[in-house]
Amino acid sequence: MEIKIVEALPKYMKPKPDETKLGFGKHFTDHMFTMKYKEGTGWHDPVIEPYHYLQLDPTAMCLHYGQEIFEGLKAYRGKKDEIYLFRPMENIRRMNASAERLCMAQIDETVFFDALKKFVLLERDWIPREAGSSLYIRPTMIATEAALGVHPSSEYLFFIIAGPVGAYYAHGFAPTKIYVSEEYVRAAMGGTGQVKAAGNYAASLYASRIATDMGYTQVLWLDAREKKYVEEVGTSNIFFVIGDELITPPLGGTILPGVTRDSVIKLASHLGVNVKERPLPITEVIDAIEKGTLKEAFASGTAAIISPVGQIYFHKKEYIINNGKTGSLAEKLFHEILHIQYGSKKDPFGWRMQLA
Ligand SMILES: *Cc1c(COP(=O)(O)O)cnc(C)c1O
């Protein structure tokens, strides 16, 4: 399928933002990719054109029944202006897994990758140079059939937008404070917790607000059935170092299979760390903090890569982890992954994909 490219006229191009004040999710590039789907016709009209508003019928099914999925990945600029993606095929496959779970249309992996590549290369001037900054890419699919009545939509819109984002920790790591939600849950077995469906995030906001009101950065989610096992932190996966083991909950249907999670597991094992994917009761975490065997905790995700945890609130008590400081393993993994992403070190795993 040939992607049509309609470039924005120079006079309509946006000025590039100050790279030292990018933040996250505030700036977007000059173009976007779109492609439409219709049952019987399949995907058609792939085009990269100037960034624009979407026109939707008020009955577009995404607005009523929540068929919406997305992905998040980044493009990085190397020292010699090389352009890299990090494990993009993982995001492409995960998007199709999300589509399958929500009865949405599958996208051919080759077409998806071609769109990603052409779009990033067209927007390459938008990939920032500042240390730790990158171009955040957001592929999204929404149901667009104009009809009420609950059924899988017969029409979809797939689009890709992107925007420059700053280093998450411009002034060094800032360990987060997390709040264990004992009342609200993120995902139950048989639900949609393992896919990147927009509805999961809407459902998580209430508990997040409680955590924020209590002065915490994120929610630590427990399993829905017993409220016993740790699952994820906010929209990131979670890791604990207890004794000489790096422990993370196993993927079992309620946990999002993070690309960063998988990279942390493989990289840590490669570095000789004893990694265990096993159910981890919150009481074991608390006991280990009290006994002093819990050395560090951190979350993993594309936005921050590694986010150290310095404090946990559980059962009306506050527990400090590693004196509220960033652990040495978190720091090591963070830098190793960054080196691979920016092309400043060898990539023994074949994760980095050079576009230019
Ligand atoms: C996106 C996401 C993650 C992290 O996935 P990455 O591929 O590492 O960015 C973890 N948990 C949830 C709920 C997510 O939405």
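Student: Which strand holds S236?
Tutor: This is a predicted model, where local features need pLDDT of at least 70, side-chain atom pairs count only at pLDDT 80 or more, and totals for chains, interfaces and linings use all residues. Residues are numbered from 1 along each chain as its sequence is written, and side-chain values use heavy atoms, with hydrogens and water left out. Strands are DSSP runs of E, at least two residues, and helices are runs of H or I, at least four, numbered from the N terminus. Residues 236–242 form the strand with S236, namely β12.

Student: Is S236 buried or exposed?
Tutor: Buried means under 20% relative accessible area, exposed over 50%, partly exposed in between (1.4 Å probe, protein chains only). S236 has a relative accessible area of 15%, so S236 is buried.

Student: Which residues does S236 touch, not counting residues up to four places away in sequence?
Tutor: Contact means heavy atoms within 4.5 Å. By that criterion, the partners of S236 are A299 and S300.

Student: At what angle do the axes of α2 and α3 cross?
Tutor: Axes are lines fitted to C-alpha atoms, for helices over the stretch in contact, with angles from 0 to 180 degrees between N-to-C directions. Helix α2 covers residues 88–101 and helix α3 residues 109–122. Their axes come within 10 Å, and the crossing angle is roughly 125 degrees.

Student: Which residues of α3 make the contact with α2?
Tutor: From α2 come P88, M89, I92, R93, M95 and N96. The α3 side consists of E109, F112, F113 and L116.
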